[in-house]
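Please examine the sequence and the structure shown here before reading the points that follow.

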Amino acid sequence: MELLSVQRCHSGEQHRYQHQSDTLNCAMTFSIYLPQCASMDHPVPTLYWLSGLTCSDENFSTKAGVQRAANELGIALVIPDTSPRGDDVPDNEAYDLGQGAGFYINAIQQPWVHNYQMYDYIAVELPHLIESHFPVNHLRSIAGHSMGGHGALIIGLHNPHRYCSISAFSPICNPSKTPWGQKAFRHYLGDDTSLWEEFDACCLISNANAQTPILVDQGDKDEFLDTELHPERLVQAGKQYPSLTVRTQHGYDHSYYFIASFIEEHLHFHAKYLDVTEK
């Protein structure tokens, strides 16, 4: 790994690294915040944050104001990029496909299949890398926003043995039935819609056996609420999933102002399941 930058922040340190990903067949960048208490003698639990369309690993670390609470709780934050990138990585001129729009799934269609394996990168390769090189323990939770909220839900629901808790802001809850998801799934997975259901939170939660705690926050002034997000479908699909909490926040939109307003509540939610003793 190559260290790109490090900044002191709320007594901990915000790092940014680049590494060569064997899963994505390209160089990848991620950010990690390490609280002051983290050491090899005192490894800490980790919250993985997945960002949304057009974002990189830097949006959350610079805009959410999350480091103070993470330091107080003793939780490391891992913030990957949203897709593979590079001159040799397939792209599209549209903002909702290609670089910046990996959708956290494993592509099987050309030209995407060689690089766009974001599900395996997030669920397998990156945690192995993090736990091999940083003072973190085996306890993980996962969260995200918009496309990243979709990613957090599907990865967490598929892997209840790997994640202690799941949370999301404004997630794309039913991507197989909405324009952003249908466009991405058709390009990455092909026309067989039965394959799409493996990456759709509404389909997964309706058949879930485990009960990983889930917290979802949705603003009622979100411009994408009725066209792309559809939290009401997640509520309906999750009627037999008592560990799901979906909250509507009045007056909030899709922006990082919304995330910054409630991110500390999400960290305290995850802390309950990460075996963290609040200071």
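The sulfur of C26 is 18 Å from the closest cysteine sulfur, in C55, which is too far for a bond. The model is predicted, so local features need pLDDT of at least 70, side-chain atom pairs count only at pLDDT 80 or more, and totals for chains, interfaces and linings use all residues. Residues are numbered from 1 along each chain as its sequence is written, and side-chain values use heavy atoms, with hydrogens and water left out.

**Cysteines**
- Zero disulfides are found in a search of the whole structure; a disulfide is a pair of cysteine sulfur atoms within 2.5 Å.
- For C9, the closest cysteine sulfur is in C37, at 14 Å, and this too is too far for a bond.
- C26 counts as buried because its relative accessibility is 6%. Buried means under 20% relative accessible area, exposed over 50%, and partly exposed in between (1.4 Å probe, protein chains only).

**The sheet**
- Nine strands form an open sheet in the order β1-β2-β3-β5-β4-β6-β7-β8-β9, with mixed pairing. β1 (2–9) and β9 (244–249) stand at the edges with a single partner strand each, so one side of each has no neighbour in the sheet.
- On average, neighbouring strands of this sheet are turned by 20 degrees against each other, direction ignored. Axes are lines fitted to C-alpha atoms, for helices over the stretch in contact, and angles run from 0 to 180 degrees between N-to-C directions.
- Strands (E, at least two residues) and helices (H or I, at least four) are DSSP runs, numbered from the N terminus. Two strands pair if DSSP finds at least two bridges between them.

**Strand β5**
- β5 runs antiparallel to β3, joined by four bridges, and parallel to β4, joined by three bridges.
- V78 in β5 has I32 opposite it, and Y48 also stands opposite V78.
- Five of the five residues of β5 are buried, so the strand is largely enclosed by the rest of the structure.
- In a regular strand, side chains alternate between the two faces of the sheet. In β5, A76, V78 and P80 point one way, while L77 and I79 point the other way.

**Helices across the sheet**
- Helix α3 (residues 118–133) bends by about 35 degrees at L126, and the proline P127 follows within four residues. The bend at a residue is the angle between axes fitted to the seven residues ending there and the seven starting there.
- α3 lies across β2, β3, β4, β5 and β6, and runs at about 145 degrees to β6.
- The buried residues of α3 include Y119, I122, L126 and P127; among the elements that cover the buried residues are β2 (12–21) and α4 (147–158).
- Helix α10 (residues 256–273) lies across β4, β6, β7 (166–169), β8 (214–219) and β9, at about 170 degrees to β7.

**Glutamine Q67**
- Q67 is found in helix α2 (residues 67–73), and Q67 counts as buried at 6% relative accessibility.
- The side chains of Q67 and Q14 are joined by a polar contact of 2.9 Å. A polar contact is a pair of N or O atoms within 3.5 Å; within protein, one must be able to donate a hydrogen and the other to accept it, and residues adjacent in sequence count only if both atoms are side-chain atoms.
- Apart from its neighbours within four places in sequence, Q67 is in contact (heavy atoms within 4.5 Å) with C9, H10, Q14, Y33 and S61.
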